[in-house]
Amino acid sequence: MRYHSLKLSASLLLLFALGFTQKSDRQNDVANDKNGGLFLPDGFEATVVVDSLPGRARHIAVNDNGDIYVKARFSGKGKSVIALRDTNGDGRADIIKHFGGRDGEGVYGTAMRIYKGYLYFSSELIVSRYKLNPGELVPSGEEEIILTDDHAHGMHEHIAKPVTFDDKGFMYVPFGANSNACQDDNRIPSSSGLDPCPILEDHGGIWRFDANKKGQLQKDGLKFATGLRSVVALDWNFADNNLYALQHGRDDLLRLFPQLFSPWQSAMLPSEEFLRIKEGTHAGWPYCYWDQMQGKKVLNPEYGGDGKEVGRCGEYEKPLIGFPGHWAPNDILFYQGNHFPERYKNGSFIAFHGSTNRAPYPQSSYFIGFVPFKNVQPSGDYEVFADGFAGVDPIVNVSDAVYRPMGLAIGPDGALYIAETEKGKIWKVTYKGDKKKFAKTALVKMEKRKSMSNIRTPDEIADNLDKDKPVAGGKVYSVYCSACHQRNGMGDMQRFPPLGGAEWVTGDKERLIKVLLKGLEGPLEVKGQSYNNVMPQHSFLKDEEIAEVLTHIRSNFGNTASAVSANEVSKVRAAVEKTN
């Protein structure tokens, strides 16, 4: 088996230097009037199917007649699925309908797949389906509940439920780990990991279910694989009849273990792992992570690791490719159409949604990658297939990105459909050249895009956005807050709420201090939107540090609330400790 690590050639290092220093070139590189704003390999073209959707978009599926089904990112009862149809053949959707789902859906659950005449989709806790009858855009039948996540804890982090199907009638669904690295105290500095990790009993893995059986619970399924913290990109490859997944690596190496990891290491690590999953696979979470720069799986610091020690990690599944940290691979699709040139056949397209926690370095990925396969093995390094989604370079905050790619689907004609989450824009990518004359020279300009700051390996000094500048909000905000809430305080629009204009921030000071001291676990509603990620407690910070960071957020990001004093923090801390 071949394993690949990502390396920059000498030529790309030169391009990196040029891309970083020449502002005018950089601006030209992020502006493109063709192809709906996308950069594509020579011979490919993109048509905008729809500019935006109410409810935006997560995963998508395309029916045999060309109808498009979109999982809404924001939805209420009866609006979970968005159906699109082009009736005049101009490539744009002119009929848009909503249906399916129920109240209380958040923005994290995601799935949209068509299997044997049924449309499957998910929220955080439920996988449903509709029968697709010929000619119907909106199904006339009843919504059927196939699987319910019945855990008493309800919502938690890493609860997305993508689905995929094999050729034998089975459905595969991840149950993400409600933890960062199975710490005794989740996301608390220097907290040790539980060993063995009890979470792996019913989380942190992929379960197999009967695709046609209604009313299933997790106990009705088979634990197919384990050691997988969070999986959003999942697909069955019919070329070799195997399951493939991309794991989101753990967070917070700097925040939790500053004595072991630098800001640069924490931005780059750990790898997002591209894995072939067989029954019984153990990918190593929470004990280990893949370091794509060293090309090995190493022990997590919660389990005694120092960033170099392998220990027991040699026994766990290695990835086919280790992508850089925090790239957020959120969909994968093995191309089995015939419209694209032969070199794309059976290769995998991957939608990288984009990092959130790479500060003080630029945010990274936000593109569609492609991994060529030959004889059911990766036959080369990853390629940039579509870029230009973010529209800015560098991407300092998540909210700076205009678009963030998410969903992938293949149409009946073999075209590739791409959906993004910020506006709900959808592109259809087709090939207009001569397939028999397609040459690798058509990929040269896309290889150059690896020099952009959203893709290249950042220089530890030159790319540090805080280089020679005072850190806004001081070290506390930079280390403990900016990774989630971003440098501009706007959050990531999905898991982490904005700090500007939020009543939780500008309102009752005592309540706000308690949040920092005790932490908060979602779901939480801020400015009309639900967030369900963990806000860890920060009682380990000094009173002066808490006062400093709370004063900063209450007087910035458009806020004009009063300051918080160390004395106020001390009084609340004493009351909290007394009740505990």
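**Briefing: strands, cores and aromatic contacts**

In this predicted model, Phe175 stands opposite Gly205 in β13. That pairing belongs to strand β12 (residues 170–175), which is joined by 6 bridges to the antiparallel strand β13 (residues 205–210).

**Sheet containing β12 and β13**

- Five strands form an open sheet with mixed pairing, in the order β11-β12-β13-β15-β19.
- The edges are taken by β11 (164–165) and β19 (281–282); each has a single partner strand, so one side of each is left without a neighbour in the sheet.
- Strands of a sheet pair through backbone hydrogen bonds, in either a parallel or an antiparallel manner.
- Phe175 has a further contact, as Lys161 lies over the face of its ring at 4.9 Å from the ring centre.

- Strand β16 (residues 231–237) is mostly covered, with 7 of its 7 residues buried.
- β16 runs antiparallel to strand β17 (residues 242–247), and 6 bridges join the two.
- Within this pairing, Val231 stands opposite Gln247 in β17.
- The hairpin has 4 residues between its strands, and Asn241 takes a positive phi near 55°.

**Helix α9 and its surroundings**

- At the start of α9, a side-chain oxygen of Asp508 comes to within 2.9 Å of the backbone nitrogen of Glu510.
- Helix α9 (residues 509–518) has Leu512, Ile513, Val515, Leu516 and Leu517 as its buried residues.
- The charged end of Arg511 sits over the ring of Trp504, 4.2 Å from the ring centre.
- Just after the helix, Gly519 takes a positive phi of about 80°.

**Nonpolar cores**

- The largest nonpolar core has 26 residues, and Phe340, Tyr344, Phe349 and Phe385 have the most contacts inside it.
- At least two residues of this core come from each of β2 (44–50), β24 (348–352), β25 (367–371), β28 (383–386), β30 (416–420) and β31 (426–431).
- Another core, of 21 residues, lies apart from it and includes Ile513, Leu516, Val526 and Ile553.

**Aromatic pairs**

- The structure holds 46 aromatic pairs.
- The rings of Tyr115 and Phe165 are stacked, because their centres are 4.3 Å apart and their planes lie at 5°.
- Tyr115 lies in strand β7 (residues 112–115) and Phe165 in strand β11, so this pair ties together parts that are 50 residues apart in sequence.
- Tyr115 and Phe165 are both buried.
- Ring pairs also link Phe44, Tyr335, Phe340, Tyr344, Phe349, Phe370, Phe385, Tyr431 and Phe438 into a cluster.

Definitions and conventions:
Residues numbered from 1 in each chain as written. Predicted model: local features only at pLDDT ≥ 70, side-chain atom pairs only at ≥ 80, totals over all residues. Heavy atoms only, no water. Pairing = 2+ DSSP bridges. Buried < 20%, exposed > 50% of the residue type's maximum accessible area, 1.4 Å probe, protein only. Polar contact = N/O pair within 3.5 Å; in protein donor to acceptor, adjacent residues only side chain to side chain. Core = buried A, V, L, I, M, F, W, Y, C linked by side-chain atoms within 4.5 Å. Phe/Tyr/Trp six-rings, centres within 6.5 Å; stacked < 30°, edge-to-face > 60°. Lys NZ or Arg CZ within 6 Å of the ring centre and 35° of its normal.
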